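Me: I am new to this structure and would like a close look at a single part of it, taken slowly.
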Amino acid sequence: MNFEMNDQQWEDWKWQHATRCQDLSTLRAWMDASKASLDLDQNQFEAITSNYRMGITPYYFSLIKKFDPTDPIFRQIVPASDELTITPDERVDPISDENPARGSRPLKALIHRYTNRVLLIPTAQCAVYCRFCFRKRLVGDTTHNAREEDLNQAYDYIGQHDEIEEVILTGGDPLTLGDDAIASILIRLESIKHIRLIRIHTRLPVVNPFRLTPELAQIVRNCSKPIWISAHFNHPNEITATSKNRIGGWINQGIPFVNQSVLLRDVNDSATTLKALFMSLLEIKIKPYYLHQADLVQGTGHLRVPIDRGLQLLRELQGELPGYAIPHYVYDQPDGSGKIPIQNKYL
Ligand code: SF4
């Protein structure tokens, strides 16, 4: 890959965002520059991306070591013809976010599944479009971005429900918003007395760590409520000197991080890889929090790992890792009733 840019541009999160690979000709050009070819024709590419778009930051692309689906970064981010295979058990909305019978999405910008916490969705845009995403149905679609009135309705709802103690900013990826937009959301949330915690779910520390600027850290620190960052590292190759440095800069200012990973076939479904991932996360002071069983999203069968295999991996890790390195292995139930732990029985 040979970009015409200087170091200052490379380290500018907005440049990374604006220079993303979003079409086949750019993808081919980036791969040509790396002397690799793509095993996907125009028709296949259009069939896949008309349903679920592609987006890859130059930084994340630069982490690819082998330009084929055996590479854990390539496999997570480059469209594959396997996505055209949809099995009968796969769904558009695999965890029933939209199920009106459960009333879990009372407003466009809000999901209220658990009594004391809500998801606030200010944007449907992401920095990259992960091929396994469980919200494929909405991410990247601008009609799902929250407008000001949607956010105002969400703040009113949260204010009227004093059982809500935690607000989780998710999407899409909330850190794709500009500093002013993030500051304005945090100011509104901190004015709601019964909110005790704010969490930000984001893949930016992985795919565009330059977003973790000192200015944004200051905005987070200015909020009077504790803010936890939930990052989304899936493979040890994603932990780089840059991400360590940027995350370390935030952690040293007292901003805590946890991590959630998705168990993905031929990405991280080996005890060796998971051990390396979880230990590397602890080394950079991030607690591995969840290991998600991949949801039954349409066109993701090639990335899912059977639950039996997930349990076997956890057995292999038991005793190999300190207890606090092992995340909860969880499954989000398709009927919308929420996450349940998946556990081995030892006693
Ligand atoms: S960043 Fe998160 S929401 Fe966005 S595509 Fe990836 S998994 Fe989906």
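Which residues point one way from strand 6 and which the other way, and are they buried or exposed?

Reply: This is a predicted model, in which local features need pLDDT of at least 70 and side-chain atom pairs count only at pLDDT 80 or more, while totals for chains, interfaces and linings use all residues. Residues are numbered from 1 along each chain as its sequence is written, and side-chain values use heavy atoms, with hydrogens and water left out.

From strand 6, Phe257, Asn259, Ser261 and Leu263 point one way, whereas Val258, Gln260 and Val262 point the other way, and all are buried. Here buried means under 20% relative accessible area, exposed means over 50%, and partly exposed lies in between, with a 1.4 Å probe and protein chains only. Strand 6 covers residues 257–263 and is mostly covered, since seven of its seven residues are buried. Strands and helices are DSSP runs numbered from the N terminus, a strand (E) having at least two residues and a helix (H or I) at least four.

Strand 6 has partners on which this picture can be built, and two strands count as paired if DSSP finds at least two bridges between them. With strand 5, which spans residues 227–231, strand 6 pairs in the parallel sense over three bridges, and valine 258 in strand 6 is the bridge partner of serine 230. With strand 7, residues 287–293, strand 6 is joined by six bridges, and these strands also run parallel; there, proline 288 of strand 7 is the bridge partner of asparagine 259.

Four of the five residues of strand 5 are buried, so strand 5 is largely enclosed by the rest of the structure.

Leucine 277 has its place in helix 12, and leucine 277 is buried, with a relative accessible area of 0%. Between leucine 277 and valine 258 there are 19 residues in sequence and 13 Å in space, taken from C-alpha to C-alpha.
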